[in-house]
Amino acid sequence: MLALGLAACAPSSHIVVGAVHPAISPSEVKIYLQPPPSFEEVAVLNASADSMFGTGGQATVDKVIQRLKEEAAKLGANGIILEGMSDQQTGALGGGSGSTSFSGGSAVGVGLGGSLGIFKKKGQARAIFTPPGAPITPGGNAQ
């Protein structure tokens, strides 16, 4: 039970579905938007990054992609096929203040409050292994 709880909080995880290869550097992992013509599926990947007060923009997307590449590299996968990005609100910070004054037969109250969201950017991908010298899909979809 504890292992499941810790895995849910981890910034990246994988489920192996094919042959694992020797680990490589994350810089060697190519990003594909479409599957290349020839590949072996290695694992299903998930990664996330927290972002305070908004969905995080490009910097948070880059962090998620880097974590996907690192997870793939540990398994010897030299490519990832991006399958999606999503935002999930994981919490909020809020505060407020108020004041009341009494005078004679009347009372006045004033209040002010606000809240800011805490978001998690999540990415899903498939880790793949492409044989050396395998052609890249026309259209140059690997980075």
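Is Ser 25 buried, exposed or partly exposed? Ser 25 is partly exposed, with a relative accessible area of 30%; buried means under 20% relative accessible area, exposed over 50%, and partly exposed in between, for a 1.4 Å probe and protein chains only.

The views show a predicted model, in which local features need pLDDT of at least 70, side-chain atom pairs count only at pLDDT 80 or more, and totals for chains, interfaces and linings use all residues. Residues are numbered from 1 along each chain as its sequence is written, and side-chain values use heavy atoms, with hydrogens and water left out.

**View 1. Ser 25 in a loop between two strands.** Ser 25 is placed in the loop that runs between strand S1 (12-16) and strand S2 (30-32). Helices (H or I, at least four residues) and strands (E, at least two) are DSSP runs, numbered from the N terminus. The side chains of Ser 25 and Ser 27 are joined by a polar contact of 2.9 Å. A polar contact is a pair of N or O atoms within 3.5 Å; within protein, one must be able to donate a hydrogen and the other to accept it, and residues adjacent in sequence count only if both atoms are side-chain atoms. The C-alpha atoms of Ser 25 and Gly 76 are 8.6 Å apart, although 51 residues separate the two along the chain.

**View 2. Arg 126 in a network of salt bridges with Glu 41 and Glu 83.** A salt bridge is a side-chain nitrogen of Lys or Arg within 4 Å of a carboxyl oxygen of Asp or Glu. The salt bridge between Arg 126 and Glu 41 has an N to O distance of 3.4 Å. Arg 126 lies in strand S5 and Glu 41 in strand S3 (residues 40-52), so this pair ties together parts that are 85 residues apart in sequence. Between Arg 126 and Glu 83, the salt bridge is 2.7 Å, N to O. This second pair links distant parts of the chain, with Glu 83 in strand S4 (residues 79-103), 43 residues from Arg 126. Glu 41 is partly exposed at 30% relative accessible area, and Glu 83 is partly exposed at 45%.

View 3. Lys 74 is exposed, with a relative accessible area of 54%, whereas Glu 71 is buried, at 5%.
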